[in-house]
Structure formats: structure tokens, C-alpha cells
Amino acid sequence: MIGLMIPLAGRVSGGRLVSLLGQWRDQGGRQGSAALAAGIRLLMFDGQLPPGTTLPAERELAAALGVSRTLVAAAWDLLRDDGLIVSRRGSGSRTTLPAAPPHTPFPERNQPIDFATAAPAALPGVGLAVDAVRGAFALELAGHGYLGFGLDVLRERLAARFTVRGLPTTPDQILVVNGAHHGLALVLSAMTGPGDRVLVEQPTYTNALETIRAAHVTPVPVTMPEEGWDLDGMEAVLRQAAPRLAYLIVDFHNPTGRRLDAPGRERLAALLRRARTHAVVDETLVELDLDGDPLDGPPPMAAFAPNQVITVGSASKSHWGGLRLGWVRATEEVIGRLAASRRAFDLGSPVFEQLVLAELYADPEPMLRQRRAEMAHTRSVLVDAVRAHCPDWTFEVPRGGLSLWCGLPAPIGTRIAVAAQNVGVRVAPAARFSVHGGLERRLRLPFTLPPPLLVEGVRRVAGVAAGVTGSSGTLGSDGLIPVA
Ligand SMILES: Cc1ncc(COP(=O)(O)O)c(C=O)c1O
């Protein structure tokens, strides 16, 4: 992707590549150079040829494979055209990541820099997975395609990921849905009724507040303190407001980027059990541990209260939002209820995208590592840009997630968001992350854009902030910035 330096990752010999390629001549009906290119693409996608690997010379590989040098050269041409290898005279060819797609260059004034959406572009592996599943898709065409619970192989792989993360899970405990947001809407429709209350963190993910309100239930906020979570406050709300449900983001909370530690999870679980309250725990950002490996982090919240916690997860931030796929993990009984209530809304998720996601989860680690490295890089670019251009802003560098939750020197958050539109930048006013508005001393800046846009966006926002003082503004009808 733009701005990512691909380090050298060693050399693969002709002999080794031949054994990695295995039955390369049989690549889903492809022949000759196309089959060889497809085989190499798959190895890259599987992480067996990481970006930066030096490939054998054409002559060496041709001899090892027992094919003509022209065939290898033609395969190299195909991979070069896809942006998957680069070749230099004298130093051969190496694997790389395709450049950012042409629609992400520097936007003109009429194409705003989008700081309102915290969602990265797809990793190249998503496109490769699309190629890889064509054969499997052809087989699915023989069935009716209505998969109310989801594609079996995807449910198996998602269950396996939960199990690896420390929460033993069977495929029957997984419901594939159209994004975590859909998962939350389903749980609300199945488990709450008009007038019920739902405990939420404040601030919280703004679209979740919209869904909660749309379900005619009342969000009851518990304010996040300077650090961590206010578990005493949660205990009081659980006791006094008797909410039907809690909606919590304990793994890289949006927007603060915090993660609740294991003792905190233990205590929260005890509170939920005592109050007999179910919690929807939103794990959309759980794989985005930018300073470590999520497998070394605390076990999933549901491991602490298996009967109380309904987990919603998503491919949107780890892989791509355009897949529009997520999942709910709960007891089999709850999954059955959710699947039944789903029928009022839709009759299943698209099969092709589920095959793609199943492919991505066949061996998820290489791409998840790649996503974390990419976001750790853009996080440092944004941190440096804010420090350089907005020296009086404060923030903690978040361990995970996708945004900086900035503290402003004055209550000017909404005014900045309003004025930023005039300089071609979309920013989400922090008030949108709150049940009752306010939070004027805060601004969320995601680090999901390519580095040059991050730097330019911050430069423009800093200029706006310098010109804005005093009381907060309001967003007019054209200011209804959709936030994600
Ligand atoms: C905490 C959280 N939950 C849910 C979503 C939406 O997820 P999906 O695209 O899977 O519906 C987002 C997107 O920003 C998010 O940050």
C-alpha cells in the first residue's frame, strides 16, 4: 500500500519454489503461464511467499520446473501486470504488494479527505481470495443459496478463530450476518422491546447509538473515566436502571482505543451475572492490536461470562468493509433465536462473499499481521502529524483500534468539524459519540487513510482549529456527516 516500505524477505530457490508450488499445472482450469502465475499468487496469498521475497531467475525456475523459459517469463509478466512482483535488471524479481488502487490518490477540493470514516482499504489478499474461490462458488450454484445461519465452512473457521483466541466455540454457536452492525440490530430486535434500557459506554460507537435509538430503546450512558472503564459506575447503572442489555466495546474501544484488562473483564462478568443482564460485546476491532498479537491479549470477554455475553464480530476492519460480513457468537439457543428473528429482515448473507471470507480465514494470520503492520505505520504517521501541526492537542497513543481520540485546548470540536468542510475535510464531531451531545473538547481522527492524506488532512484541520475559538457551532443539514 502507499507509504509502506516492503523489507527484503529472503530468497526462494528454484527447487524450493517447485516444491511449494506442488500441482501447479492444475490451477482451476488455467494452463501454462496463467497456471504458474495463479500458483505463485496463491503462495503469496497464503503467506508462504511474503512481500519482499526474491524469486529465482527465470532460467533457474524453468529448469527446475521442466518448462520453457518463455513460459516462466510470461507468468512473470502476468504477476507484474497485477502489481504482485517487481523486476530490476541485475537483481531479478521480488514479490511485492500492489500499489494503492488508482481511486485513492490525492483528492481534489471536491473530494474531501475523509476523517469521518475509520475503515481502511482492502488488503491485496482480498482480491486474491476472490480469484481463489471461483471454483468453490461454481459448486455452490447447484444449491439454493439461502443460508440462514451462514456457510458451513465459514462458521467452522470463525469458530476455530474464537477457540484459538481462548474461547472454545462450535460452528453451531456462530451466525454469519451482514456486518457487526447488523449483528447488533438483530440482537436488539430479538432481546429488547420498546422502552427498555441499554447500558452503553460514553463515548461509544456512534452508529450503535443510532441502532439502539431506532430499536426504540433508551441508551443509558456510563462515562469513560480518564483511564480504563468506570466499573463502579456500571455496577450502579446495572442495579438502578436495570437495563435489558449492555453494549460494550472492550477490545480497542471506539473511539478511545482502550482495551479492558483481564481483571476488569472478570469483574465486569461478575456484575453482568449478578444483574442477570446480557451484554453485546462488539469485537469489530479486536484483531487490531498494533503493539502485540491479539492471541497474547486477554481472552475474549465471552470467556468470562459465556451465558451472559453475545459477541459480535466483523471482517470490516481486519479485511475489508465492502465484504459486508460479520458474525454473532453466542450459545446455540441464542443463535437459534437470532436466526429466527433475522427472517423478518433478510434471509441470509451473500454466498460469494462468505466463500471469500472463508478463504481469508483458512489461514488468517499472515493477513492479520499485515493489517496490524500497516495500521501501526499509519498510526505513527498520524501521531507525528498531530504532534507537529497541533502541538497543544493531547492524546494517548492507543494500543489498538483505528483512531486517535484527541483532546482539544478549548470546546471547539463541532466548530472544527463544521469549518473543516470548507477546506475539504470531513471530520466526525465528537458529540456524535455521546448519548446527549457535548464532548466538545474531543476530536476523533482515524489513521485509516494513506499517509500523504493523513498528513495533509491534519495540516488542514490544524489551520481550521487555529481560526476557531470560543463556543461550539452546529452542523446544518449539509453537515450530517455519515460516520463509520
Ligand atoms: C465498534 C464498531 N462496531 C461496528 C462497526 C461497523 O461494523 P460492520 O462494518 O461490520 O457493520 C464499526 C465500524 O466502524 C465499529 O467501529
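The sulfur of Cys-390 lies 7.4 Å from that of Cys-406, the closest cysteine sulfur, which is too far for a bond. The structure accordingly holds zero disulfides, a disulfide being a pair of cysteine sulfur atoms within 2.5 Å. Cys-390 is buried, at 4% relative accessibility, and Cys-406 is likewise buried, with a relative accessible area of 0%. Buried here denotes under 20% relative accessible area, exposed over 50%, and partly exposed the range in between (1.4 Å probe, protein chains only).

The model is predicted, with local features requiring pLDDT of at least 70 and side-chain atom pairs counted only at pLDDT 80 or more, whereas totals for chains, interfaces and linings use all residues. Residues are numbered from 1 along each chain as its sequence is written, and side-chain values use heavy atoms, with hydrogens and water left out.

An automatic or database domain assignment divides the protein chain into domain 1 (3-98), domain 2 (114-121 + 367-469) and domain 3 (124-365). The C-alpha centres of domain 1 and domain 2 are 40 Å apart.

Strand E11 (residues 403-407) runs antiparallel to E13 and is joined to it by five bridges; strands are counted as paired if DSSP finds at least two bridges between them. Within this pairing, Leu-404 stands opposite Leu-445 of E13. Four of the five residues of E13 are buried, so this strand is largely enclosed by the rest of the structure. Helices (H or I, at least four residues) and strands (E, at least two) are DSSP runs numbered from the N terminus.

Thr-448 occupies the loop between strand E13 (442-446) and helix H17 (451-467) and is buried, at 9% relative accessibility. A polar atom of the Thr-448 side chain lies 3.4 Å from the backbone oxygen of Thr-117, and the backbone nitrogen of Ala-119 lies 3.4 Å from a polar atom of that side chain. Leaving aside residues up to four places away in sequence, Thr-448 touches Thr-117, Ala-118, Ala-119, Pro-120, Met-375, Leu-402 and Leu-454, contact meaning heavy atoms within 4.5 Å.

Around the ligand there are 14 residues, of which Ala-180, Asp-282, Ser-314, Ser-316 and Lys-317 come nearest; a residue is included if one of its heavy atoms lies within 4 Å. A polar side-chain atom of Asp-282 is 2.6 Å from a ligand nitrogen atom.

Notes
Polar contact = N/O pair within 3.5 Å; in protein donor to acceptor, adjacent residues only side chain to side chain.
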